[in-house]
Amino acid sequence: LIAGSYGVSAQAIIELKLIGFTVHLKNTPHSHLYKSKIDKRGFFVVNKGIVLSISVPVRPNIYMSFMQALMLDCANMPAGYTHIGIKPIITDGNNQYCLGMGPTLFYRKSWSSMDGYVNEGLFKEYKGIQYKFLGYSGEVEYARRMSKTDYFTMGFIPGVPEFLNFNMGVQIRNLSASKK
């Protein structure tokens, strides 16, 4: 099951994605705190961050996925999320579609001390960190094959009813084939 020095399953999928922007789905009392908002009301905000994902097969076309994101949130504060879940993948020629689902922990440096922050009760707080555990969350992703082992991916993390967080990146599959 180990593919040489890579240390992961031969059919493992490794993804590195860049977080690009967030779309807020409702009005917020915090738009004045958004450092990189595109519009006045803060519906569209540029974010900076990375997501590393590792998925291993548990059945044909079904993967167990672990995802770790580190980013700067809408207020340009450190944030991230950790996700583990099931990731069914449908492949149609060079196109790949997936809808990952499972528990997710979102966290960020607390906004409580920021002028004008209104606690809406969305997050719990512990020692300067705000967090929210979602027992059921996930990702929506489209991938396009670029080579025998590499895909270009685009996707989003639905934080419904609050936001959609968009990302894009690369995916490497079938590592044993890439060594040949």
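1. What share of the contacts in the protein with a separation of 6 or more is accounted for by residues 24 or more positions apart? That share is 55%, where a contact means heavy atoms within 4.5 Å.

2. Some ground rules come before the details. This is a predicted model, in which local features need pLDDT of at least 70 and side-chain atom pairs count only at pLDDT 80 or more, whereas totals for chains, interfaces and linings use all residues. Residues are numbered from 1 along each chain as its sequence is written, and side-chain values use heavy atoms, with hydrogens and water left out.

3. The protein has nine strands and one helix, and along the sequence these follow the pattern β-β-β-β-β-β-β-β-β-α. Both kinds of element are DSSP runs numbered from the N terminus, with helices being H or I of at least four residues and strands being E of at least two.

4. Strand β1 (residues 13-24) pairs with β2 in the antiparallel sense over 10 bridges, and two strands are said to pair if DSSP finds at least two bridges between them. Within this pairing, Leu16 has Leu52 in β2 as its bridge partner.

5. Strands β2 and β3 also pair in the antiparallel sense, over 11 bridges, and Ser53 stands opposite Met67 in β3. These two strands form a hairpin with two residues between them, and Asn61 lies in that loop, between β2 (44-59) and β3 (62-72).

6. The backbone angle phi deserves a careful look here. Most residues other than glycine have a negative phi. Asn61, however, has a positive phi near 65°, and Asn76, in the loop between β3 and β4 (78-92), likewise has a positive phi near 65°. Asn76 counts as partly exposed because its relative accessibility is 40%, with buried meaning under 20% relative accessible area, exposed over 50%, and partly exposed in between (1.4 Å probe, protein chains only).

7. For the overall form, the C-alpha trace spans about 55 × 30 × 25 Å along its principal axes.

8. Buried residues make up 40% of the 180 residues. The protein exposes about 9900 Å², of which carbon and sulfur atoms supply 65%, the areas coming from the Shrake-Rupley method with a 1.4 Å probe.
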